[in-house]
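Student: I would like to go through this model and ask what stands behind the terms used for it.
Tutor: Go ahead, and take them one at a time.
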Amino acid sequence: MARKIAAGNWKMNGGSAALSELTALAEATAGATAEIIICPPATLLSRASDATKDTPIAIGGQDCHTASAGAHTGDISTEMLTDAGAMSVILGHSERRTDHGETDALVCAKAETALSANLTAIVCIGETLEEREAGQTLAVAGRQLAASVPASATGATCVVAYEPVWAIGTGKVPTLEQIAEVHDFLRAELTTRFGAEIAEGISLLYGGSVKSSNAADIFAVSNVDGALVGGASLKAADFAPIVTALSNS
Ligand code: PGA
């Protein structure tokens with residue numbers, strides 16, 4: 001069975017003052033059974049790891065380079081993420097694909113690097129509004145899945161987040177039927193490629209405008225094993241009910 005994961009992506013938000021949200025989140029989610037991952041900006045990784053040391057909250061990065069070190073100004077290696085206490089890393093988020101021109105091939109190479117460093121790779125895929133309106137949602141999701149998830153992926157090492165680009169930060173959410181259609185398709189594609197045992201162990205997260213008010217409905221959808229949450233992960237008061245809804249699903 002796939003792990004239930006509530007992952008928070010803080011994106012380029014938060015300074016020292018945001019660390020208190022982690023303590024508050026740990027308190028508000030005591031006893032939760034879902035896995036909790038918070039991916040703060042790189043500047044907070046070490047302190048976030050320290051702040052969550054004796055809690056079930058795991059810390060993750062938001063990107064990594066394929067090289068372990070060298071002349072790559074502004075980048076971060078998997079060794080640096082691990083050294084800062086991260087256990088996972090988000091890869092191929094649509095904002096990286098758009099802002100930094102990241103391709104499926106690069107995302108796949110980053111994911112391979114993450115797996116070699118024993119970091120869980122949270123690989124993001126999802127269609128734009130134009131692609132959905134053109135009826136290409138499954139074709140895009142299938143192509144990105146095949147080309148972004150490395151051949152060495154297993155349930156223990158790799159998580160897939162389906163995030164329709166038009167739903168990220170917009171308050172627009174696909175219907176539950178639309179989410180089910182994509183997640184069922186992704187599970188089937190993973191099964192064809194990896195076989196049922198590995199495919200069923202790979203968590204499929206939904207991402208895009210998840211809030212406490214829609215989380216329980218989304219978690220009841222078939223083949224949804226959790227969520228990747230942006231805006232609603234910044235405050236413990238918003239994220240804790242999402243973690244609770246997933247634990248109860
Ligand atoms: P959102 O972002 O929850 O703010 O829509 C989701 C994401 O980008 O992972």
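Student: Where is the place of Asp-238?
Tutor: The model is a predicted one, and in it Asp-238 lies in helix H11.

Student: Why is Asp-238 called partly exposed?
Tutor: Its relative accessible area is 37%. Buried requires under 20% and exposed requires over 50%, with partly exposed in between.

Student: Which residues is Asp-238 in contact with, leaving aside its neighbours within four places in sequence?
Tutor: Ser-212 and Ala-232. Contact here requires heavy atoms within 4.5 Å.

Student: What makes Ser-94 buried?
Tutor: Ser-94, in helix H4, has a relative accessibility of 12%. The cut-off for buried is under 20%, so Ser-94 at 12% counts as buried. Leaving aside neighbours within four places in sequence, Ser-94 touches Val-165 and Ile-168.

Student: How do you know that H1 meets H11, and which residues take part?
Tutor: From H1, Glu-21, Ala-24, Leu-25 and Ala-28 are in contact with Ala-236, Phe-239 and Ala-240 of H11. By class, six residues of this contact are nonpolar, none is polar and one is charged. The helix axes come within 9 Å, at a crossing angle of roughly 35°, and the crossing is right-handed.

Student: What order do the strands of the barrel follow?
Tutor: Eight strands close into the barrel in the order S1-S2-S3-S4-S5-S6-S7-S8, with parallel pairing. On average, neighbouring strands of this sheet are turned by 25° against each other, direction ignored. Helix H7 (residues 137-148) packs on the sheet, where it touches S5 and S6, and its direction makes about 150° with that of S5.

Student: How do you know that S1 and S2 pair?
Tutor: Pairing requires at least two bridges between two strands. S1 and S2 have five bridges, in the parallel sense, so they meet the requirement. Glu-35 in S2 is the bridge partner of Ile-5. Between these strands the chain passes through helix H1 (residues 19-28), and this β-α-β crossover is right-handed.

Student: What makes S2 and S3 a pair?
Tutor: The test is again at least two bridges. S2 and S3 share three, running parallel, so they count as paired. Ile-37 stands opposite Ala-58 in S3. With helix H2 (residues 45-51), S2 and S3 make a right-handed β-α-β unit.

Student: Why is S7 said to be largely enclosed by the rest of the structure?
Tutor: Because five of its five residues are buried. Ser-203, Leu-205 and Gly-207 point one way from S7, while Leu-204 and Tyr-206 point the other way, and all are buried. As for S2 (residues 35-39), four of its five residues are buried, and it is described as mostly covered.

Student: Which strands pair with S7, and over how many bridges?
Tutor: S6 (residues 158-162) is joined to S7 by four bridges, and the two run parallel. Across that pairing, Ala-161 stands opposite Leu-205 and Val-160 opposite Leu-204. S8 (residues 226-229) pairs with S7 in the parallel sense over three bridges, and Gly-226 in S8 is the bridge partner of Leu-205. S7, helix H10 (residues 212-219) and S8 form a right-handed β-α-β unit.

Technical notes
Residues numbered from 1 in each chain as written. Predicted model: local features only at pLDDT ≥ 70, side-chain atom pairs only at ≥ 80, totals over all residues. Heavy atoms only, no water. Buried < 20%, exposed > 50% of the residue type's maximum accessible area, 1.4 Å probe, protein only. Right-handed = clockwise from strand over helix to strand, strands pointing away. Axes fitted to C-alpha atoms, helices over the stretch in contact; angles between N-to-C directions. Left-handed = near helix turned anticlockwise from the far one by under 90°. Nonpolar A, V, L, I, M, F, W, Y, C, P; charged D, E, K, R; others polar.
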